[in-house]
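Open your viewer and get ready to click along. Each stop names something to select and tells you what to look for there.

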Amino acid sequence: MPAPTSPLRRSVIVTRLRAAGCVFAEDEARLLIAAARTPADLEAMVDRRAAGLPLEHVLGWAEFCGLRVAVDPGVFVPRRRTEFLVRQATSLARAAAGPGGQALARRRTVVVDLCCGSGAVGAALVAALDRVELYAVDIDPAAARCARRNVAAGGGQVYEGDLYEPLPARLRGCVDLLIANAPYVPTEAVGLLPPEARIHEPRVALDGGADGLDVLRRVIAAAPPWLAPGGHLLVETSERQAPQTVETVARNGLIPQVASSDELNAAVVIGTRRAVQSGPGGQP
Ligand SMILES: C[S@@+](CC[C@H](N)C(=O)[O-])C[C@H]1O[C@@H](n2cnc3c(N)ncnc32)[C@H](O)[C@@H]1O
């Protein structure tokens, strides 16, 4: 039950948030008021937000693809642009299922969410698709714990470790959708991020090395043996990094494709494993 708040108190909160630089102070005040159980709770939440903590860390959740995803302190806050990655994965899974979903009705869609953070991407795919078998991995123990909270209800498994290393070997050659929103900010650009990210999100969630592509290159290079024939790798990237990411995907034997959204300022590179591997002379 939210604590009752007078219009005067509400406007004091809005003013305080606005002075702290919150652009959507009215909306944020509404969310904080709805979340606080007592006046003291509300006071503490407004203090934390005014001190620069991301709103999602203060509330303990983020809205993502229409879901309320738990986001613990120190865990990467899922971004709106990543909804585009989910949309691309959903359309590929639906296309693979064929009209009426007959092809996949026979078996589950195996989804791996690498670098899962809060588990938002995997949770959204479980919500959007029928019969998903989800495996998620993150190297950061706090993220893996948080992801377990978000995907447990849908039967998802979360592993802590480096990329593919903790995944069960039986998934090799069986993954229909291999998704990664890995860190892709070039090291020297991390210092230019807004303080909410720079200070309150872990560096391992942001820093992608000198050109931003260190983790993505490892994700792509090791992807082919995990993919089922016809399976897809989908990675979020920036518009600027997309050509290099496409080249890496092609170099590793996957069929590359780029999808982008101006509205969400998002780019996704897709690499598809051929349904039937060609042998010498083009023979299957
Ligand atoms: C940009 S965040 C994305 C989180 C989540 N996928 C999302 O979209 O909200 C990147 C995540 O990758 C994780 N990570 C970084 N390096 C990793 C690695 N080598 N193996 C597994 N996870 C890694 C970080 O801990 C962080 O949670």
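Leaving aside neighbours within four places in sequence, which residues is D140 in contact with? Select D140 and you will find G74, P202 and V204 in contact with it, where contact means heavy atoms within 4.5 Å. Before going on, note that this is a predicted model, in which local features need pLDDT of at least 70, side-chain atom pairs count only at pLDDT 80 or more, and totals for chains, interfaces and linings use all residues. Residues are numbered from 1 along each chain as its sequence is written, and side-chain values use heavy atoms, leaving out hydrogens and water.

Stay with D140, in the loop between β4 (132–138) and α8 (141–151). Now show the backbone nitrogen of A142: the side chain of D140 reaches it at 3.0 Å.

Next, select G161, in the loop between β5 (157–160) and β6 (175–180). G161 is also buried, at 11% relative accessible area. Not counting residues up to four places away in sequence, G161 touches V137, D138, I139 and P166.

One of its nitrogen atoms is 2.7 Å from an N or O atom in the side chain of D162, and a ligand nitrogen is 3.0 Å from a polar backbone atom of L163. The protein covers 96% of the 590 Å² of accessible area (Shrake-Rupley method, 1.4 Å probe) that the ligand has on its own.

How values were computed. Helix = DSSP H or I, 4+ residues; strand = E, 2+ residues; numbered from the N terminus. Polar contact = N/O pair within 3.5 Å; in protein donor to acceptor, adjacent residues only side chain to side chain. Buried < 20%, exposed > 50% of the residue type's maximum accessible area, 1.4 Å probe, protein only.
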